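Here are my notebook entries from a first look around this structure.

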Amino acid sequence: MNDITLAPIQPDQPSHLMATYGRQAISFVRGRGAYLYTEDGTEYLDALTGIAVCGLGHAHPVIAEAIAEQAATLVHTSNLFEIPWQTAAAQKLAEVSGMEEIFFSNSGAESNEGAIKIARKFGTQQGVSSPKIIVAEQSFHGRTLATLSATGNKKVQDGFAPLTNDFIRVPFGDIEAIQEAALQHPDIVAILIEPIQGEGGINTAPQGFSYLEEVRSICNQHNWLMMLDEIQTGNGRTGKYFAYQHTNIVPDVLTTAKGLGNGFPVGAVMTQGKAVGLLGPGSHGSTYGGTVLGSRVVYTVIDTIQKENAVENAAVVGGYIVDQLRAQLADKNVQVRGFGMMIGIQLPKDCAELVAIARDQHKLIINVTAGSVVRLLPPINLTQAQADDLLERLVALINNYL
């Protein structure tokens, strides 16, 4: 193997990268489990995991071995041919999701694009010439033009008009608003929602997960597709393999990505029931969707999650973190919400500056979303000792801030 050493970037060195990210002034060269390391060996506890991506932690040895072995064997052949690892990965994903058909994409946004296309195809077959989809305020579904249009965040939409007008927006958790929309818009064919709004601030519906059951009932009543965006909530994040499994319902369309590849870029759009068969040969595709390498990664990630009982661990240790945060911050006027390893701490004031303070003073990687919500997305296989380490750093951070 050829060793390549990157020269340190000089402060005055021009960058040829598009300035699309507000990057923090730090870089990591190595990771192991719940921890990241800089070039000089400084250790940071990663409570964000690439924004809910590395659910099994960094450099998991089983995943790393599978990637290395497959990369040295066969990476890509295209979907012109049978791909045994893709078939096996689809079988695994069907078993844990309860879905029937699976299409592999490369990202969450692409998976949601697939869901939108499925809804349109469904509507067209129902004789609806301009199909509409209900979405929620404060939602986030991606940055392509269609998923950006579906997203309920004007800040990320700014400057990209005209957006598509195929979406009808309602407050998250508001069943009456959905019923009212049904009366006003006869061309609605589907609902697309997140079980928990991640980017929106770890928002749960006022009625909890029973909201999904009510949505399912309305979709059945009107012959709409129920489509769930589980890009962030899936793959064990909430203490169930998929968040909708906290209920007794099953969606017609389910999307996921992030933790599906533990850092490898892969996503999926899945169907069951009346959504099966809507996309046929030539109606959808992806050059890199479901490559040999990507499919083996998906199979290995699911298999590892199952063998390590990581979903159950997320429920138990995540619940412990929530309980401890509520107890230790009881006098700080904060609200702690979430399920499993998807946790938000709502502070009484904006707190974006906490990201830098946590990083520099507590060697803790966190995220602040919706202005005043500290978002935690640690590995779903976080140990009890690591949870206590996280709590010690985080509670000190918030106590010093408030």
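**Entry 1: the open sheet**

In what order do the four strands of the open sheet stand? I read the order as β1-β2-β3-β13, with mixed pairing. Before going further, I noted that this is a predicted model, in which local features need pLDDT of at least 70, side-chain atom pairs count only at pLDDT 80 or more, and totals for chains, interfaces and linings use all residues. Residues are numbered from 1 along each chain as its sequence is written, and side-chain values use heavy atoms, with hydrogens and water left out.

My terms here: helices (H or I, at least four residues) and strands (E, at least two) are DSSP runs, numbered from the N terminus. Two strands pair if DSSP finds at least two bridges between them.

I looked at the edges next and found β1 (30-32) and β13 (364-365) there. Each has a single partner strand, so one side of each is left without a neighbour in the sheet. Helix α12 (residues 384-401) packs on this sheet and touches β2, β3 and β13; touching, or contact, means heavy atoms within 4.5 Å. The direction of α12 makes about 100 degrees with that of β3; axes are lines fitted to C-alpha atoms, for helices over the stretch in contact, and angles run from 0 to 180 degrees between N-to-C directions.

I could pick out Y37, whose bridge partner in β3 is E43.

A reminder to myself: most residues other than glycine have a negative phi, and most peptide bonds are trans. Which helix holds T49? I found T49 in α1 (residues 49-52), with a positive phi near 45 degrees.

Are they buried or exposed? T49 is buried at a relative accessible area of 0%, and A52 counts as buried at 3%. Buried means under 20% relative accessible area, exposed over 50% and partly exposed in between (1.4 Å probe, protein chains only).

I also looked up a cis peptide bond, which joins A161 and P162 with omega about 0 degrees. P162 sits in the loop between α6 (154-157) and β6 (167-170).

**Entry 2: K258**

What does the UniProt record say about K258? The unreviewed entry annotates K258 as "modified residue: N6-(pyridoxal phosphate)lysine". UniProt positions are given in the numbering used here, feature names are shortened, and annotations may be inferred rather than shown by experiment.

I found K258 in the loop between β9 (253-256) and β10 (267-271), partly exposed at 22%. Leaving aside neighbours within four places in sequence, K258 is in contact with I51, A52, V53, I231, Q232 and V266. The side chain of K258 reaches the backbone oxygen of I51 at 3.0 Å.

H60 lies in the loop between α1 and α2 (61-71) and is buried, at 9%. Not counting residues up to four places away in sequence, H60 touches N262, T304, E308 and N381.

Lastly, I looked up the domains: domain 1 (74-308) and domain 2 (311-401), with bounds from an automatic or database domain assignment. Their C-alpha centres lie 27 Å apart. The contact takes 21 residues from domain 1 and 19 residues from domain 2.

Notes
Polar contact = N/O pair within 3.5 Å; in protein donor to acceptor, adjacent residues only side chain to side chain.
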